[in-house]
Amino acid sequence: MNKVRTRFAPSPTGYMHIGNLRTALFAYLIAKQQGGDFILRIEDTDQGRYVEGATEVIYKTLKDVGLNWDEGPDIGGPVGPYIQSERMGMFKKYALELIEKGGAYYCFCDKERLDGLKAELEAQGKTYSYDRHCRDLSKEEVQAKLDAGTPYVIRQKMPTQGQVTFHDELYGDITVDCAELEDQILIKTDGMPTYNFANVVDDHLMGITHVVRGNEYLSSAPKYELLYKAFGWEVPTYIHVEHIMKDKQHKLSKRDGDASFQDLMDKGYLKEAVLNYIALLGWAPKGENEIYSLEELVKEFDIHGLSKAPAIFDPLKMKAINAKYIKALAPEDFAKYAIPYIKQSVKREDVDFEYIASLLQARTEVFTDIPEMVDFIDALPEYDNEMYCHKKMKTNLENSLESLKQVLPVLQALDDWTIEGIHGALFGLIEKLGVKNGIILWPLRVALSGKQSTPGGGVEIAYIIGKDDTLDRINKGIEKLS
């Protein structure tokens, strides 16, 4: 059996959409699972859609998530160049070879004739398809037109009868009537190859054994199949994967600004969590586990676990997976990620950022949650007195005011402004008054943060903001409730 070789062949047209990243991931997993090679090829021939810097985005995204290629434009390899625009010279040679084999022909129809044909068919309510006008020109007629410098394209000569069958690993054998297939253009008037032709030639020359692509290419697969057979080349294994959908009706679309990898990074996701979630879009693992490192995915992935149904991109599910990754980080690693987000809200420098991060880790689903969770540290926000009323804590406006009045002198007298010191002072007061913890601690949390939900409670907040701010905010709380 040939060594497995897969490829990821993106066009440099902007950010990396997660559908493209999933294709790259599946191609990588298929290769690595069988000790094969993963090749990166840049398909940049559509210059109208080319975006400056997009190739670097492709490199960076793949490297960020660990999908390292064995051959590619930046590292070379035995079948380069790996940028399609640098391979242009070779395609016409193969098209001419196909003419010799009887699998292709010169077409001299000009735009005027083709436009007229299209209008005529549309007037009859028919879909446009080339009428094969030049297919049976004699060798002498063809040579005369070539000698006269008549512009031409080269078209694939499709069988007009019978059927073509191709095999897909997900969909099985698919059979199409040859009569339905148009004689597609292989080489354009300017001598450049069409996408479909360049794709087949490049995949053959690069020894690609498995082709992973979106199922929008299923309709082109019979033409690919016939090209391979016309050349006498071995046909690769096809895996046409389903779309990723925003909902049941709408595909995720780069054009609509949906879920590029960079967007997800900007929204505070971990790259490992994004890759893990993308793997689950259209692939079902055998067991109950859904958390996989890239190394584990290489072991567990099975193309027979891929679904023929579209995958729905579920932001809540991805957030839940991201939260699991965040919780699994070592505290010091979480702090490295979290502190820049803390500093978006906290501009003061007299706080313990590592300690604040330690309170956030269990509460964070995505890093962009963080700034809002700590926005009370620099300055007390405006808040409603109703926040003091908590049914479960059995607090109301009256006992909250009393609690703050009891807390104030205790903390004023405290010299040991540490977590242990503050905790000891407050719980000593609770014991002395013979009340439930919440009677004291809930009003303190509200007075210090102006929030009902905070990382840590009254003890932790008092430690973070320091003694002066703590006493100042308690006094403000007493004034508000009085």
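These legends describe close-up views of a predicted protein model.

**About the model.** Local features need pLDDT of at least 70, side-chain atom pairs count only at pLDDT 80 or more, and totals for chains, interfaces and linings use all residues. Residues are numbered from 1 along each chain as its sequence is written, and side-chain values use heavy atoms, with hydrogens and water left out.

**View 1. The whole protein chain.** The chain holds 19 helices and eleven strands. Helices (H or I, at least four residues) and strands (E, at least two) are DSSP runs, numbered from the N terminus. The C-alpha atoms fill a box of roughly 110 × 50 × 35 Å along the principal axes. The radius of gyration is 33 Å, whereas a compact globule of 482 residues would have one near 23 Å. This radius is taken over C-alpha atoms, and the globule rule is 2.2 Å times the number of residues to the power 0.38. Of the 482 residues, 50% count as buried. Buried means under 20% relative accessible area, exposed over 50%, and partly exposed in between (1.4 Å probe, protein chains only).

**View 2. Strand β1 and its partner β2.** Strand β1 covers residues 5-8. Strand β2 covers residues 37-40. The two pair in the parallel sense over four bridges. Strands pair if DSSP finds at least two bridges between them. R7 stands opposite I39 in β2. In a regular strand the side chains alternate between the two faces of the sheet. Both faces of β1 are covered. R5 and R7 are buried on one side, and T6 and F8 are buried on the other.

**View 3. T6 and its surroundings.** T6 lies in strand β1. T6 is buried, with a relative accessible area of 0%. Which residues does T6 touch, leaving aside its neighbours within four places in sequence? T6 is in contact with A27, Y28, I30, A31, D37, F38, I39, I208 and H210. Contact means heavy atoms within 4.5 Å.

**View 4. I303 in a loop.** I303 is found in the loop between α10 (294-300) and β11 (311-312). Is I303 buried or exposed? I303 is buried, with a relative accessible area of 16%. Leaving aside its neighbours within four places in sequence, I303 is in contact with I30, E169, L170 and I239. I303 and I239 are 64 residues apart along the chain. Their C-alpha atoms are separated by 8.2 Å.
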